[in-house]
Amino acid sequence: MIGNIVRRGVVDSTNEVAKGLVAEAVAPWTVVVAEKQVEGRGRSGRAWVSPRGGLYLSVIVQEDLQRLPMASLTAGVAVVDTLSDQALEATIKWPNDVLIGGAKVAGVLVEGIVGPQTYWAIVGIGVNSDFPLEALPRQIRDNATTLRHELGGRVDNELLLHSLLDSFQSSYPAPGEERSVVARYNEVCSTLGKEVRVETNRGIINGKAVEVGASGFIVLETKNGQKVELAEGSILSEG
Ligand code: BT5
């Protein structure tokens with residue numbers, strides 16, 4: 001399924017390049033890869049620091065808007081599975097931080113857009129791969145890691161790209177077949193079972209993280225035994 005790989009040097013954001021391609025008409029499963037981003041984005045207007053040596057890609061998937069969370073869960077699972085092929089034990093902090101030993105090594109940003117005839121999911125994935133930890137600003141470095149740092153040597157980004165795309169594509173569920181991805185996500189999600197403090201649009205919510213559903217919602221059990229489903233948010237602390 002993975003089609004054309006569009007390669008770029010320095011870009012603002014691979015998600016932006018991907019959106020431009022959709023506007024011009026593009027084949028599904030086209031992938032944009034860049035060497036460096038100067039305006040790499042995270043969720044909610046946050047920045048993704050993107051020095052040379054990292055892997056920055058956006059996969060363009062034809063997808064209904066309500067299935068965007070599924071694209072995001074699948075991307076997280078694909079990163080974890082690709083790293084585990086390299087004997088690196090990675091986990092996911094809900095919704096989309098990939099961690100090694102508690103430090104962030106990758107992030108996922110899925111954006112939905114309306115194309116000329118259909119809806120598209122732009123699945124952006126950033127991996128701190130082949131650069132030293134010192135390439136990240138100090139305030140980020142303290143909670144981050146890179147594959148070069150973890151493996152103690154150079155990383156082949158080309159191999160990483162292809163195994164990540166293979167994993168993403170083979171895990172990507174057809175409608176109605178979401179169960180195995182959701183199960184795998186729940187297996188590797190280190191947030192589950194913990195008491196968490198989540199910042200949401202509705203304010204801060206505390207509770208024990210119980211599970212993540214196919215819609216990407218996390219279920220929290222609050223002190224009074226109530227179950228609350230959160231569609232979005234950022235975990236401020238995990239107990
Ligand atoms: C994310 O957002 O983690 C999503 C990152 C997605 C990046 C990819 S790269 C290809 C594609 N094109 C883009 O423009 N974006 C996607 P979020 O959960 O909001 O996390 C952002 C936070 O992570 C920041 O506020 C920092 O605290 C931290 N951060 C920024 N850069 C980092 C890095 N390189 N490594 C680790 N943490 C980082």
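Mentor: A residue counts as buried when its relative accessible area is under 20%, and as exposed when that area is over 50%. The model discussed here is predicted.

Trainee: Is S167 buried or exposed?

Mentor: S167 sits in helix 5, which spans residues 157–171. Its relative accessible area is 12%. The cut-off for buried is under 20%, so S167 is buried.

Trainee: Which backbone oxygen does the side chain of S167 reach?

Mentor: Leaving aside residues up to four places away in sequence, S167 touches A78, D81 and T82. The side chain of S167 comes to 3.4 Å from one backbone oxygen, that of A78.

Trainee: Which strands are the edge strands of the five-stranded open sheet?

Mentor: The sheet has the order 11-10-9-8-12, with antiparallel pairing. An edge strand pairs on one side only, and this holds for strand 11 (227–230) and strand 12 (234–238).

Trainee: What is the bridge partner of V196 in strand 12?

Mentor: Strand 8 covers residues 195–200 and runs antiparallel to strand 12, with four bridges joining the two. In strand 12, V196 has as its bridge partner E238.

How values were computed: Residues are numbered from 1 along each chain as its sequence is written. This is a predicted model: local features need pLDDT of at least 70, side-chain atom pairs count only at pLDDT 80 or more; totals for chains, interfaces and linings use all residues. Side-chain values use heavy atoms; hydrogens and water are left out. Two strands pair if DSSP finds at least two bridges between them. Buried means under 20% relative accessible area, exposed over 50%, partly exposed in between (1.4 Å probe, protein chains only). A polar contact is a pair of N or O atoms within 3.5 Å; within protein, one must be able to donate a hydrogen and the other to accept it, and residues adjacent in sequence count only if both atoms are side-chain atoms. Contact means heavy atoms within 4.5 Å.
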